[in-house]
Amino acid sequence: MAKTQPPQIRRLVAPNPSPMTYTGTNTYLLGLRDIAVIDPGPDNDAHFAAIVSAIAPDQKITKILVTHAHLDHAPLARRLSAHCGAQIYAYGDSGAGRTAQMIALSAAGTIGGGEGIDYDFQPDITLKDGAVLDHEGQELIAIWTPGHFGNHMAFSWNGALFSGDHVMAWASTMISPPDGDLGAFRRSCAQLQQRRERLYLPGHGDAIEDGPARLHWLLAHRQERESQIISHLQGQPNTAKGLAEAIYTDIDPRLIHAATRNVLAHLIDLCERNLATCQGPIDLQAKYSVI
């Protein structure tokens, strides 16, 4: 973890490493006596035991916060709540926070998506963007950051920003429509750029010492990817998968599906901004062209 990390923050890593979760899901314990748990993680017996064992006799879990309703972040929240009596806080259920366009695309059922969602997730207390909770005498601020997921929230406490899967150091952010939304991602990044936190503690991987610099990189990376897509489409129309295979030439083959989802997010965004058009309804088999 970062050298500048406050001593009131501890990290536990769930035993769920994978190409999509890196070394595993980070669960954070905030506080010295009253403990707030951010992202309890997957419903895993060993990780549940690790969280419970990390709570000293003079400590008590008083809050459970979930950044978003993916299966590697949310399911253990209910079990932990039943064990300790703390309430679960989040932006909303697994469908909360989507734009009207993403709701329509989801209802059409033509673009897939829905990977790894905890459809049963339901917080006890819903948080609005900018909601402030008191935790050990300091403000714990909830910041709605849709993009990776509609109900995604980041949390600020004690000078650190818990960025979930919105900002990570080991990989660019996965955006898979209709659960993910590239336009929302860019807007959320711009919102975070207005904040003062530098230390980012992500949902996977190590701490980010310079969060604003990483935000700048992520936005530039998305702009570069958009330019690549437009360049390829100027040659001839193509599908999301065709573009992914042409652009992502140096990735693990197991990640080509994720790459296709990211390209689809760009294509939907380009169509929404009238920079590209889809030959028929937006779906995975459709071909896209630049305008």
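This is a predicted model: local features need pLDDT of at least 70, side-chain atom pairs count only at pLDDT 80 or more; totals for chains, interfaces and linings use all residues.
User: How are α4 and α5 oriented to each other, roughly parallel, roughly antiparallel, roughly perpendicular or oblique?
Analyst: The axes of α4 (182-193) and α5 (residues 211-235) lie 10 Å apart, and the two helices pack at an angle of about 150°. Angles over 145 degrees count as roughly antiparallel, and therefore α4 and α5 are roughly antiparallel.

User: Which residues of α5 make the contact with α4, and what is the handedness of the crossing?
Analyst: The crossing of α4 and α5 is left-handed. On the α4 side the contact is made by Leu182, Phe185, Arg186, Cys189, Leu192 and Gln193, and by class the residues of the contact of α4 with α5 divide into 7 nonpolar, 3 polar and 3 charged. The α5 residues asked for are Leu215, His216, Leu218, Leu219, Arg222, Gln223 and Glu226, and the handedness is left-handed.

User: How is α4 oriented to α7, and which residues of α7 take part in the contact?
Analyst: The helices α4 and α7 pack at an angle of about 90°, with axes 8 Å apart, which makes α4 roughly perpendicular to α7. From α4 the contact draws on Leu182, Gly183 and Arg186, and the contact of α4 with α7 has 2 nonpolar, 2 polar and 2 charged residues. The orientation is thus roughly perpendicular, and the α7 residues are Ala265, His266 and Asp269.

User: Which residues lie nearest the centre of the largest pocket?
Analyst: The largest pocket has a volume of about 820 Å³ and is lined by 35 residues. The elements giving two or more residues to that lining are α5 and α7 (256-272), and by class the lining divides into 15 nonpolar, 12 polar and 8 charged residues. Nearest the centre lie Pro19, Met20, Met174, Leu255 and Ala258.

User: Is the peptide bond that joins Pro177 and Pro178 cis or trans, and where does Pro178 lie?
Analyst: Most peptide bonds are trans. For the bond joining Pro177 and Pro178, omega is about 0° and the bond is cis. Pro178 itself lies in the loop between β10 (160-164) and α4.

User: What is the phi of Tyr22, and in which loop is this residue?
Analyst: Most residues other than glycine have a negative phi. Tyr22, a residue other than glycine, has a positive value, and its place is in the loop between β1 (9-13) and β2 (26-30).

Notes:
Residues are numbered from 1 along each chain as its sequence is written. Side-chain values use heavy atoms; hydrogens and water are left out. Axes are lines fitted to C-alpha atoms, for helices over the stretch in contact, and angles run from 0 to 180 degrees between N-to-C directions. Helices (H or I, at least four residues) and strands (E, at least two) are DSSP runs, numbered from the N terminus. On a 1 Å grid over the protein atoms alone, a cavity is a set of points where a 1.4 Å probe fits but cannot get out, and a pocket is an open set with protein on both sides within 12 Å along at least five of seven lines; lining residues have an atom within 4 Å of a point. Grid points are joined across faces, edges and corners, and a volume is the space filled by probe spheres set on the points. Ala, Val, Leu, Ile, Met, Phe, Trp, Tyr, Cys and Pro count as nonpolar, Asp, Glu, Lys and Arg as charged, and the others, Gly among them, as polar. Angles under 35 degrees count as roughly parallel, over 145 as roughly antiparallel, 65 to 115 as roughly perpendicular and the rest as oblique. A crossing is left-handed if the near helix is turned anticlockwise from the far one by less than a right angle, and right-handed if clockwise. Contact means heavy atoms within 4.5 Å.
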